Amino acid sequence: MTDRKFPPLPDPLRRTVLRAGAGAIALPLLHACGTSAPPDGALPPDDVGDTPPLPQPTPGTHPPRGAHVSFVDDPTSTRTVTWFTDGSDSAGTYVEYSFVDAETTEYELVDLALDQREEGNSSEVFEVEALTHAATITGVPEGKAIAYRVGSDGGGWTATRLLPPNPERDRFRFCHYGDQSSSEAAVAVTNGVISRNPDLLWIAGDLSYANGDQPVWDTWFDMLEPLASRIPVMTSPGNHEAKDGGGAGYLSRVSQPGQSAYYGFDYGNIHFSVSTAGCLLEGVASAVELLAELVQLEADLAQAALRRALGEIDFIAVVQHYTIWTNEDGRDPFNLSLVLLQEHILLRYGVDLLLVGHDHIYERSHPMAYGRAVDGGYVQITQGGGGQSLYDLLETPRGNWSAHNQLCHGFTEYEVDGPTIRGTTYTVEDADIVLFDDGRLEVIDSFELTARSAAERAKFAKPARKRSEIVSEADWADIVRHTLVRNQLHDAIETGSVVGAGM
């Protein structure tokens with residue numbers, strides 16, 4: 001894996017360089033966005049006087065904010081940057097960039113002339129007098145980092161920032177959590193991911209907890225920007241995104257493959273397929289979209305399973321907000337019919353990993369199927385400790401499928417090393433759910449997954465079924481009804497009209 005320096009954090013913080021496998025790791029807490037200070041690896045020598053200057057924003061009439069990087073196309077050759085400006089008029093939507101050596105530090109960007117420019121598109125932000133801008137960097141060469149800024153002449157530019165080179169195809173690291181908000185714990189988790197310096201971050205739904213209060217999204221993106229402007233971040237929607245126009249608020253702020261909340265793409269030797277698992281279902285009218293999504297999920301996983309059998313990829317992962325099975329107290333799969341339908345699709349094509357949130361706990365399963373530990377099943381990683389308040393675990397866990405569960409805020413890191421994935425789960429607090437005052441990260445779980453054998457891969461290479469073969473019309477009516485009840489029950493519990501666990 002390429003050893004690289006992570007760009008600076010906001011002043012007056014310093015990044016602690018971390019080593020994989022450490023049991024307790026110290027890192028600073030990220031309190032605000034703004035002026036940057038260097039990471040430890042980029043500090044000037046002791047005999048140098050003042051710290052060298054870092055790139056600064058260029059002021060203008062429409063200062064860009066909330067910059068975040070994602071993929072809408074081939075991750076090996078493109079990066080898409082998304083940002084926001086206030087007001088309904090646009091001063092322009094541009095990304096300026098240059099490809100630089102992997103060893104380049106942010107200090108060296110101050111006088112760098114960015115020699116390429118791409119124009120992007122702008123669109124209205126849901127229920128806010130603001131615009132979302134997105135522009136794509138193309139033609140990224142192998143081994144090159146990307147120096148870039150976004151904005152426009154007159155409107156203003158962000159500071160020039162640095163994106164790392166692409167990792168090796170089968171040697172990279174990614175992190176995952178869900179259920180974040182902008183709490184102190186959320187800040188600690190964000191800072192923890194920054195300190196681990198992964199190649200990619202997945203957020204499995206319930207991002208900002210705006211719940212209809214659109215300015216909360218601004219607070220969340222401001223908190224995330226020091227991370228998301230320097231590491232690609234991909235997301236799936238959660239039930240709290242449904243509170244913003246059935247997901248319209250979420251979709252108006254992110255850039256991702258396709259035009260829907262569900263999508264699939266390859267990153268390295270893993271195919272990721274993103275599902276809503278029905279979290280955006282609000283009425284019978286939107287049931288048509290959910291059925292289309294399940295048909296698309298089947299087709300996407302069937303193609304991925306075939307490509308895995310051909311050796312083009314090694315793993316298949318599904319990312320969604322809702323858990324399939326859980327040991328959180330009071331949190332059963334309320335719509336068992338949808339759980340079983342979706343799980344059957346996962347098992348048919350031999351999904352290796354299911355990355356979820358929703359339950360505000362950490363839980364890792366054994367390879368499982370239908371709530372039982374089964375050789376050859378999928379491993380579910382529930383990482384709902386992104387920052388929101390935690391809930392209770394069952395005193396006596398149900399079933400034999402759970403390998404480890406714990407109440408904590410934190411995130412899980414996955415180190416991909418060819419046909420092996422090594423997972424490490426970090427917490428940002430002690431056993432009493434109190435944040436470490438010195439900003440430590442503590443390892444609470446580790447595990448390893450090995451790619452399926454050639455014979456197993458061949459077994460799961462099956463053709464996609466027609467819609468009528470996936471689910472009958474009668475069963476679909478039950479699934480829609482059960483899913484609507486589940487989603488409505490979540491809202492009722494949160495508003496206090498029903499007593500139960502938080503959702």
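A salt bridge is a side-chain nitrogen of Lys or Arg within 4 Å of a carboxyl oxygen of Asp or Glu. Keep that cut-off in mind while reading this predicted model.

Start with Arg486. This residue sits in helix H8. Arg486 is buried, yet it has no salt bridge. Its nearest side chain of opposite charge is Glu293, 9.4 Å away. What lies 3.1 Å from a polar atom of the Arg486 side chain? The backbone oxygen of Ala277 does.

Ala277 deserves a look of its own. It is found in the loop between strand E17 (270–274) and helix H4. Its relative accessible area is 7%, so Ala277 counts as buried. Its phi is positive, about 50°, although Ala277 is not a glycine. Most residues other than glycine have a negative phi. Asn211 also has a positive phi, near 55°, and is not a glycine. Asn211 lies in the loop between strand E14 (200–204) and helix H2 (215–228). Is Asn211 buried or partly exposed? Its relative accessibility is 36%, so it counts as partly exposed.

Now turn to the nonpolar interior. In soluble globular proteins, nonpolar side chains tend to be buried together. The largest nonpolar core here has 35 residues. Leu301 and Trp476 have the most contacts inside it. Which elements give two or more residues to this core? They are helix H4 (287–309), strand E18 (315–319), helix H5 (336–348), strand E19 (353–356), strand E21 (368–369) and helix H8 (473–495). H4 supplies the largest share, nine residues. A second, separate core has 30 residues. Ala186, Ala188, Val193 and Trp217 are among them.

Setting aside its neighbours within four places in sequence, what does Leu301 touch? Its contacts are Ser273, Ile316, Val318, Ile345, Leu346, Tyr349 and Val351.

Next comes H5. This helix has 13 residues. From its first C-alpha to its last, H5 reaches 18 Å, close to the 18 Å expected at 1.5 Å a residue. Its buried residues are Leu338, Val339, Leu341, Gln342, Glu343, Ile345, Leu346, Leu347 and Arg348. Ile345 and Leu346 are also contacts of Leu301. After H5 comes Gly350, with a positive phi near 65°.

Charged pairs are the next stop. How many salt bridges does a search of the whole structure find? It finds 25. One of them joins the side chains of Glu96 and Arg149, at 3.0 Å from N to O. This pair links distant parts of the chain. Glu96 is in strand E6 (residues 94–100), Arg149 is in strand E10 (residues 145–152), and 53 residues separate them. Glu96 has a relative accessible area of 11%, so it counts as buried. Arg149 has 19%, so it is buried too, because the cut-off is under 20%.

Asp266 and Arg307 form another salt bridge, at 2.3 Å from N to O. This pair, too, links distant parts of the chain: Asp266 in strand E16 (residues 263–267) and Arg307 in helix H4, 41 residues apart. Asp266 has 23% relative accessibility, so it counts as partly exposed.

Glu442 and Arg440 also meet in a salt bridge, at 3.9 Å from N to O. Glu442 is partly exposed at 29% relative accessibility. Arg440 is partly exposed as well, with a relative accessible area of 27%. Elsewhere, salt bridges link Asp170, Arg171, Asp417, Arg422 and Glu448 in a network.

Finally, look at places where sequence distance and spatial distance can be set side by side. Leu162 is found in strand E12 (residues 161–163). It counts as buried, at 6% relative accessibility. Leu162 and Tyr97 are 65 residues apart in sequence, but their C-alpha atoms are 9.6 Å apart in space.

Pro63 gives another case. It is found in the loop between strand E3 (36–37) and strand E4 (65–70). Pro63 and Thr158 are 95 residues apart in sequence and 7.6 Å apart in space, C-alpha to C-alpha. Leaving aside neighbours within four places in sequence, Pro63 is in contact with Phe84, Thr85 and Gly155.

Key. Residues numbered from 1 in each chain as written. Predicted model: local features only at pLDDT ≥ 70, side-chain atom pairs only at ≥ 80, totals over all residues. Heavy atoms only, no water. Core = buried A, V, L, I, M, F, W, Y, C linked by side-chain atoms within 4.5 Å. Buried < 20%, exposed > 50% of the residue type's maximum accessible area, 1.4 Å probe, protein only. Helix = DSSP H or I, 4+ residues; strand = E, 2+ residues; numbered from the N terminus. Contact = heavy atoms within 4.5 Å. Expected span 1.5 Å × (residues − 1). Lys, Arg positive; Asp, Glu negative; His and termini not counted. Polar contact = N/O pair within 3.5 Å; in protein donor to acceptor, adjacent residues only side chain to side chain.
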